[in-house]
Each structure stands twice: as structure tokens, then as C-alpha cells.
Amino acid sequence: MIGTKDDTTSGTGTLEDFGSVRCLWDDSVCVDPPTHFVAQEWADGTDAEVFCVRHYVLTLARLCQLHLPDCEGDFAGHVASHGEL
Ligand SMILES: [Zn+2]
Ligand SMILES: [Zn+2]
């Protein structure tokens with residue numbers, strides 16, 4: 001379910017394009033530098049967030065484990081693109 005580097009869309013942009021130099025994990029303060037991004041599809045558009053590798057994995061895992069079982073959508077319908085910055 002979790003894709004590899006080969007699945008990601010290239011040319012997504014640099015870290016500066018995401019407007020954050022800090023991991024955006026919101027359950028706790030994380031000061032690790034972001035190295036990965038997740039671009040999620042919402043009703044009002046795509047929202048890209050950057051995470052350290054640990055929280056990148058957790059973000060995708062949380063989606064797959066906690067959200068998708070109760071949602072009619074699938075992974076591709078939630079995550080527009082993801083991968084390394
Ligand atoms: Zn983090
Ligand atoms: Zn959903």
C-alpha cells in the first residue's frame with residue numbers, strides 16, 4: 001500500500017515551495033528537518049505537507065490503518081503524491 005520512491009511524481013518542487021522548514025506532524029512538536037512530503041486530496045484542493053521520515057511513514061500508515069477502513073475512498077483518492085523532497 002505504501003509506495004516506493006518510484007511511485008512518486010517527480011518535479012514536485014523543493015522544500016521552499018512547501019513553505020515550511022519544520023516537520024508538520026501535528027500530534028506533537030517535532031523539530032526534525034522534513035525530508036518527505038505527502039500531498040493529500042481534499043474537497044477544496046490539494047494540501048501538501050512536509051514531514052521527517054518517521055512522521056511521513058506514520059502519516060501514510062495512519063491513513064491506511066485508521067482512515068481507509070472506514071472510508072469509501074481508496075489510497076489513490078486521498079494521496080495525490082508523496083515521496084522524498
Ligand atoms: Zn517529524
Ligand atoms: Zn477518506
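Reader: Which residues make up the largest nonpolar core?

Author: In this predicted model, the largest nonpolar core has 7 residues: Cys-23, Phe-37, Val-38, Val-50, Phe-51, Tyr-56 and Leu-60. Local features need pLDDT of at least 70, side-chain atom pairs count only at pLDDT 80 or more, and totals for chains, interfaces and linings use all residues. Residues are numbered from 1 along each chain as its sequence is written, with chains lettered from A and ligands numbered from 1 in the order in which they are written.

Reader: What makes a set of residues a nonpolar core?

Author: The set must consist of buried Ala, Val, Leu, Ile, Met, Phe, Trp, Tyr and Cys residues joined through C-beta atoms within 7 Å. A residue is buried if 20 or more other C-beta atoms, placed from the backbone, lie within 10 Å of its own. E1, E2 and H1 each give two or more residues to this core.

Reader: Why are strands E1 and E2 said to pair?

Author: Pairing requires that DSSP find at least two bridges between two strands, a strand being a DSSP run (E) of at least two residues. E1 (residues 36-42) and E2 (residues 45-51) have 7 bridges in the antiparallel sense, and therefore they pair. One of the bridges joins Glu-41 to Thr-46 in E2.

Reader: What makes E2 and E3 the edge strands of the sheet?

Author: The open sheet has 3 strands in the order E2-E1-E3, with antiparallel pairing. E2 and E3 (79-84) each pair on one side only, as edge strands. E1 and E3 pair over 5 bridges, and His-36 stands opposite Glu-84 in E3.

Terms used
Helices (H or I, at least four residues) and strands (E, at least two) are DSSP runs, numbered from the N terminus. A residue is buried if 20 or more other C-beta atoms lie within 10 Å of its own, exposed if 12 or fewer, and partly exposed in between; C-beta atoms are placed from the backbone.
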